[in-house]
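Subject: Structure handover

Hello,

Here is the structure you will be working with. Please open it and keep it on screen while you read my notes.

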Amino acid sequence: MLKKIEAIIREDKLNDVKDALNAIGIRGMNVFEIRGQGRQGGITLAGRSGTYQVDMLPKMQMNIILSEDNVDETIETILAAGRTGAAGDGLIFVYPVDEVVRIRTGERGHEAVMYPGDIDEKKGRGKAKVS
């Protein structure tokens, strides 16, 4: 079965997380610039005219579709690379994925999300086709 990991992380941790994921063989991902607030409710900034509250903070959202066998390792990698220990480090959500279809080739399921040199190929769980 395939899973979707949606990770909300700090902007300044994007390259660290992306590089760590690449190191374990996660090749395909989408990244979005987003704004949001969590438990901390925002931050207070001081400027020339006084202090003001910023409640919608910039974050990055990463979406990754992968084999369920790789979910735990991927989560641990995101945690290790994305954690600062301060409020606002983010959240990780995991969802089931019913179907994936690669538009170019019509491949479905696991074959549609495999890439040459990806985590599954590194672990001997399949070979990605290059076409």
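Which strands does helix α2 lie across? Helix α2 (residues 71-82) lies across β1, β5 and β6. The helix runs at about 5° to β1. Helices (H or I, at least four residues) and strands (E, at least two) are DSSP runs, numbered from the N terminus. Axes are lines fitted to C-alpha atoms, for helices over the stretch in contact (heavy atoms within 4.5 Å). Angles run from 0 to 180 degrees between N-to-C directions.

This is a predicted model, where local features need pLDDT of at least 70, side-chain atom pairs count only at pLDDT 80 or more, and totals for chains, interfaces and linings use all residues. Residues are numbered from 1 along each chain as its sequence is written, and side-chain values use heavy atoms, with hydrogens and water left out.

**Confidence**
The chain averages a pLDDT (the predictor's confidence in each residue, from 0 to 100) of 89. 92% of the residues score at least 70. Confidence is highest in α2, at 98. Strand β3 (residues 43-47) is lowest, at a mean of 71.

**The sheet**
Four strands form an open sheet in the order β2-β5-β1-β6. Their pairing is antiparallel; two strands pair if DSSP finds at least two bridges between them. β2 (30-36) and β6 (90-97) are the edge strands, each with a single partner, so one side of each has no neighbour in the sheet. Neighbouring strands are turned by 25° against each other on average, direction ignored. β2 and β5 (residues 57-67) pair over seven bridges. I34 stands opposite K59 in β5. Helix α1 (residues 14-24) lies across β1 (2-10), β2 and β5, at about 10° to β5.

**The pockets**
A pocket is an open set of points on a 1 Å grid over the protein atoms alone, where a 1.4 Å probe fits, with protein on both sides within 12 Å along at least five of seven lines. Lining residues have an atom within 4 Å of a point. A volume is the space filled by probe spheres set on the points, which are joined across faces, edges and corners.

The largest pocket has a volume of about 360 Å³. Its lining has 24 residues, with G28, I64, I65, V113 and Y115 nearest the centre. β5 gives the most to this lining, with five residues.

The second largest pocket has a volume of about 280 Å³. Of its 14 lining residues, Q37, G38, Q40, G90 and L91 are closest to the centre. β2, β5 and β6 each give two or more residues to this lining.

Best wishes
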